[in-house]
Amino acid sequence: MTALSPALLELARRYGVATEYEDWTGQRIEVPESTLVAVLDALGLPASTEQGRAEALAAHDREYWQRSLPPIVLGRAGTPSSFWVHVTHGDAVDVTLALEDGTERTGLRQLENNRAPYELDDRWIGEATFELPPDLPLGYHRLRLRVGDFHTETPVVVSPAVLALPTRLGERRAWGLAVQLYSVCSENSWGTGDLTDLTDLAVWSATAHGAGFVLVNPLHAAAPTAPMEPSPYLPTSRRFVNPLYLRVEAIPEFAAVRGRGRIRKLRTGVSERANRRELIDRDSAWKAKRAALQQVYRTSRSPGRELAYRAYRAREGRSLEDFAVWCALAEQYGNDWHGWPHELQHPRSPDVAAFAAANPAAVDFHRWLQWQLDDQLTVAQATAQQAGMALGIMGDLAVGVDPDGADAWALQDVLALGVTAGAPPDEFNQLGQDWSQPPWRPDRLVAAAYEPFRALVNMALRHAGGVRIDHIIGMFRLWWIPKGAAPTEGTYVRYDHDAMIGIIALEAHRAGAVVVGEDLGTVEPWVRDYLRERGLFGTSILWFESDGSGGPLPAERWREYCLSSVTTHDLPPTAGYLAGEHVRLREELGLLTRPAEQELEEDRAAQAAWFDELRRVGLLGPDPDTDEIVTALHRYLGRTPSKLLALSLADAVGDLRTQNQPGTTDEYPNWRVPLSGPDGRRLVLEDVFDDARANALGEVMADVVAGRAQPRTGNV
């Protein structure tokens with residue numbers, strides 16, 4: 001392999017771009033120059049020539065020394081930290097802290113800094129270092145610098161050293177249902193599950209079986225045009241919610257709508273059609289629901305409701321405006337903003353403002369939809385906790401957004417648009433994964449003082465007692481793939497994990513919520529240690545828990561601060577997994593790199609090892625059926641020290657089909673499979689409440705978190 005130039009290596013180092021890495025087999029991989037150049041280009045750096053590299057390095061130096069203060073200063077409660085100040089060499093400086101509560105802190109201690117001055121535009125710039133005191137209160141503060149008549153300031157974030165468990169949870173264990181909400185229709189929903197269905201699931205699982213939370217798929221917004229993107233992990237926006245999840249009849253103004261009978265007829269029609277279809281049809285559901293919502297929107301609001309709407313708009317500010325305008329533009333020009341007229345391709349364009357002014361009703365409708373979602377999410381969380389849940393709703397934050405969607409348009413200045421995020425090859429996805437999503441630009445996030453990220457986390461926790469963060473290891477390093485390249489041809493780009501995890505911890509502290517990081521896949525070992533030290537939970541999937549030699553990891557060695565479950569949405573439900581559905585499906589779709597028989601043989605051996613483990617601890621008899629194995633596996637979760645346990649609703653009802661097959665888009669009906677029983681018959685929510693299997697497994701989960709005695713075999 002041709003040796004990389006020192007300038008290219010240094011440029012990559014400064015911007016956190018890996019020039020080599022260790023793959024899932026432990027082999028060291030050197031990143032080719034073409035990948036490095038493409039990734040650096042996505043960061044706005046001319047890296048294809050030696051001259052461009054030299055200029056980029058010089059510009060990086062100048063940018064650093066031109067700043068009087070860092071773009072953001074990070075602190076951790078109870079731990080001293082430091083920050084630098086740049087002024088003309090020899091000038092006296094005055095540094096103060098304006099705290100969030102309105103008080104001021106002066107007399108910050110200056111630390112020794114022997115760094116040589118830097119010549120910048122005929123003057124010498126000196127660097128001083130000051131201590132950020134360890135006793136600062138948690139929150140968002142301002143650091144102010146004054147030098148003579150010049151003054152400037154920068155944000156300071158002080159996060160918890162450790163995110164404490166919410167008071168409602170305390171030291172107790174809790175279990176919850178893991179639900180793909182769109183797949184769970186009730187007799188009164190509109191062809192897909194909605195927020196009223198989520199509320200009812202929470203109440204049933206809490207009151208009947210002592211559940212402490214409901215873990216729901218990402219509810220992020222999809223584009224409001226057909227065809228609606230089915231994947232909750234490829235949203236148009238992570239900052240707002242999909243109005244497909246609204247229950248029309250739960251909106252207060254519905255009671256005053258004239259012609260409510262026509263709306264009910266719309267619902268009945270879409271519901272009956274949904275029951276006849278094999279797959280979920282979001283487009284039909286949204287078409288009918290949108291027509292009904294338009295009628296409710298045109299209904300007059302009371303003065304109090306009008307004041308509440310104004311308050312919501314003021315709170316959400318520019319983010320809401322951008323999203324609503326994008327939705328109105330998408331309805332007129334299509335949902336790929338790259339194909340819009342050039343003058344509409346940036347949210348701050350005068351032509352975008354003119355469009356919004358010329359289409360006030362179209363824009364306001366999308367603002368109003370988000371207000372209704374905010375209301376119904378508030379009700380769902382409050383009702384879940386009133387029913388006895390310690391946490392209530394646990395949301396799910398996707399790793400990225402659709403490159404053609406609302407967030408990519410509104411946040412294009414802080415996203416890397418010349419690459420996509422994904423994952424390198426691993427044992428389960430041996431061809432790697434390309435998620436087709438633009439990643440955050442680390443440099444632009446820093447320059448923006450992480451405000452877009454903070455707003456995202458705040459939104460994710462607004463109506464939740466917890467949040468699961470998909471691919472949380474992307475806060476440390478993320479796999480970037482140059483556009484047009486295969487997933488195997490990418491490299492890692494590092495982020496400031498102290499900043500991102502610190503902001504997550506602070507927002508969760510204020511919300512009284514837990515944070516669960518999905519830390520599966522290729523993970524540097526120290527990352528899990530760091531997350532535990534900061535009080536964030538990890539994720540354990542039973543089939544992936546190994547003792548290092550290929551055998552099952554004994555229950556007592558599982559992690560305590562962890563959300564543990566038997567399966568995940570990227571695998572078939574457990575009954576299907578036991579039947580080898582995950583191997584059969586990947587073979588059918590051409591996703592295997594080894595013969596299917598070899599995969600099946602290894603899978604049977606792995607399952608047999610788990611059955612032996614279940615027998616060793618007395619949870620499985622000699623000749624079990626599928627239901628007995630599923631029950632024993634969930635009882636085994638109770639033998640672990642994990643504080644949070646999850647039961648997939650698909651497992652609870654004996655469903656067989658997987659919701660998502662990684663590495664595919666339309667080759668498999670990902671995210672379109674309705675909840676069904678073991679016979680393949682579509683189930684409605686009311687069926688779940690009366691289902692013997694679901695109630696039996698609910699009692700199993702109630703027993704294991706309560707520490708009640710468990711039988712010696714796995715009979716349902």
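Analyst: A salt bridge is a side-chain nitrogen of Lys or Arg within 4 Å of a carboxyl oxygen of Asp or Glu. This is a predicted model, where local features need pLDDT of at least 70, side-chain atom pairs count only at pLDDT 80 or more, and totals for chains, interfaces and linings use all residues. Residues are numbered from 1 along each chain as its sequence is written, and side-chain values use heavy atoms, with hydrogens and water left out.

User: What makes Glu599 and Arg586 a salt bridge?

Analyst: Their closest N and O atoms are 3.9 Å apart, and the limit is 4 Å, so the pair counts. Glu599 sits in helix H17 (residues 596–616) and Arg586 in helix H16 (residues 581–588), 13 residues apart; helices here are DSSP runs (H or I, at least four residues), numbered from the N terminus. Glu599 and Arg586 are both buried, meaning under 20% relative accessible area, with exposed over 50% and partly exposed in between (1.4 Å probe, protein chains only).

User: Why is Asp281 called partly exposed?

Analyst: Asp281 has 24% relative accessibility, so it counts as partly exposed. Asp281 forms a salt bridge with Arg277, the closest N and O atoms being 3.4 Å apart. Arg277 is partly exposed too, because its relative accessibility is 33%.

User: How do you know that Arg282 has no salt bridge?

Analyst: Good one! The nearest side chain of opposite charge to buried Arg282 is Asp283, 7.8 Å away; Lys and Arg count as positive, Asp and Glu as negative, while His and the chain ends are not counted.

Definitions and conventions: Helix = DSSP H or I, 4+ residues; strand = E, 2+ residues; numbered from the N terminus.
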